Amino acid sequence: MRMTDIQRCEVRPGRLFEWTLSPATVATAKALPEDSRPPAYIQESHIRTARSVREDGLFVPTWLGAAFDIPGRADLDALGEALRGWTLRHETLRSGFRWAGGPGDSIRRFTLDANAVSLHREDAGDFTDAAVLTQHLQDRFDTTADALRWPNLIYTAVVRDDCTSVYMAFDHSNVDAYSIHRIPAEIHELYAAAVAGSTAGPVPVSSYVDFCEAERADADRIEADHEIVARWREFIHRCDGRLPAFPVDLGLEPGSALPTQKFMRQMMVDADAAAAFESYCRPYGGSLVGMLAATALFVHEVGGEPVYRTVVPFHTRVKSQWSESVGWYVGGAPIEVPLSEASDFPSALRTVRAALQANRRLARIPLARVLHLLGADFRPTSPDLYSIVSFVDTRAVPGSQDWTDRTAYGLLRVSYGDQVCAWITRLHEGLWFAARYPDTDIAQKNMRLYVERLRDVVMGTARRP
């Protein structure tokens, strides 16, 4: 799916309907006892960061979403049944958190039984202006899919005679990009079954809530003297006591308020060039290594840094049982790329490959656990702890061949932040680039230059014999 913001996902006028968890479901949730399964460290860090930023007086929406079309005027009863069935399939969507108060101000989970979940449909009326509808959707998603409230998801459909566009938004604590990628095919399948009158229940999948419990138990077994903690301590020390930002000038003044962000997106190269790039990079580990190597060369050229330091996101679905599960299955590994050993693209590839091979296993321990063990004061002042460059090949995702016909997009909320978050996606059509970055003239200039340099590197490999 092409990652974009809601302003650029081809919203068209129509009659809007919204589904949220019903008042009866919410009332039941309020009376639920504690679920002994704890939040994942990444969930807890996300919620605490949201509260910290909110206490500083800034509301920073951080939801993710999906957009896709269903042919014709949808059967709303069948669509509602499909949406409820999908919600029941993924336990994290009916699980939330409460502040327990007291020493440590802990976060406690609660989880609804499947039979307690129902959706409420609301007719929000006709929208004849696409810009007005787009702003309405963004406002609704900001308010509803918020880390500090529950329920924090919302489903909508814009109904027309020719097609029905579905827009869904979730607080990040429940979904990652891979979860979003799977949504269009799953909802289409459930909707077709509902239209056909099928009474088959939702296909069971493994629960992210169970994964959270298992991952946290593993993480809690390590202590401050663990080798992984020591490696992170050394890395952060070499980053001057911080987690790494994008090491080029972004036009930010030290100590200034959290800036608004801009968004950029484009098809970087076509399918043939993407295939040639992958082929060239495969001996070194593939396109991820290639993109990091190209980024290292860029930041050295533009920022003059002798070493490129970054945290590389990796999925934590290491067992096949989690492959169909919706959740936030992401860890991070720190890498350092000395540019003295990476004077050109082939040597940069070798250096990045060595760094990833040495450090990838560090991603198996949640960073929030590591920071706690380090005892450092990492009170977040930004929704992003560090900048990222992410690469995902989505061509094997079920239904990915239909994304263009279904006008399918993954949705990102662009609001405030002092970091650079870049997502490079391998689609059937080629390589798609999307990024959010601080809204300054200098950052915009350097981000445009960054995309140009990435494209030059990719096309350079495509031209090689």
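# Reading the labels in a predicted model

Me: Which residues does Arg 436 touch, not counting residues up to four places away in sequence?
Reply: Arg 436 touches Gln 261, Lys 262, Phe 263, Asp 384, Arg 413, Val 414, Gln 419, Val 420, Cys 421 and Trp 423. Keep in mind that this is a predicted model.

Me: What makes these residues count as contacts of Arg 436?
Reply: Contact requires heavy atoms within 4.5 Å. The residues listed for Arg 436 meet that cut-off.

Me: Where does Arg 436 sit?
Reply: Arg 436 is part of strand S15, residues 430-438.

Me: Why is Arg 436 called buried?
Reply: Its relative accessibility is 13%. Buried means under 20%. Arg 436 therefore counts as buried.

Me: How do you know that the side chain of Arg 436 makes a polar contact with the side chain of Asp 384?
Reply: The distance is 2.8 Å. The cut-off for such a pair of N or O atoms is within 3.5 Å. The side chain of Gln 261 also makes a polar contact with that of Arg 436, at 2.9 Å.

Me: Why is Asp 142 called buried?
Reply: Asp 142 belongs to helix H4, residues 130-144. Its relative accessibility is 9%. The limit is under 20%, so Asp 142 counts as buried.

Me: What is Asp 142 in contact with, leaving aside its neighbours within four places in sequence?
Reply: Asp 142 is in contact with Phe 59, Pro 61, Trp 63 and Arg 413. With Trp 63, the side chains make a polar contact of 2.7 Å.

Me: What makes Asp 162 partly exposed?
Reply: The value is 48% relative accessibility. Buried needs under 20%, exposed needs over 50%, and partly exposed is in between. Asp 162 therefore takes the in-between label. Its place is the loop between strand S7 (153-159) and strand S8 (163-170).

Me: How do you know that a polar contact joins the side chains of Asp 162 and Arg 12?
Reply: The pair is 3.1 Å apart, and the cut-off is within 3.5 Å. Beyond four places in sequence, Asp 162 touches Arg 12, Pro 71 and Gly 72.

Me: Why is Leu 16 called buried?
Reply: Leu 16, in strand S2 (residues 14-21), has 0% relative accessibility and therefore counts as buried.

Me: How far apart are Leu 16 and Phe 127 in sequence and in space?
Reply: They are 111 residues apart in sequence and 7.2 Å apart in space, C-alpha to C-alpha. Phe 127 is one of the residues in contact with Leu 16. Others include Leu 133, His 136 and Val 158.

Me: Why is Cys 281 called buried?
Reply: Its relative accessibility is 0%. With the limit at under 20%, Cys 281 therefore counts as buried. Cys 212 also counts as buried, at 0%.

Technical notes
Residues are numbered from 1 along each chain as its sequence is written. This is a predicted model: local features need pLDDT of at least 70, side-chain atom pairs count only at pLDDT 80 or more; totals for chains, interfaces and linings use all residues. Side-chain values use heavy atoms; hydrogens and water are left out. Buried means under 20% relative accessible area, exposed over 50%, partly exposed in between (1.4 Å probe, protein chains only). Helices (H or I, at least four residues) and strands (E, at least two) are DSSP runs, numbered from the N terminus. A polar contact is a pair of N or O atoms within 3.5 Å; within protein, one must be able to donate a hydrogen and the other to accept it, and residues adjacent in sequence count only if both atoms are side-chain atoms.
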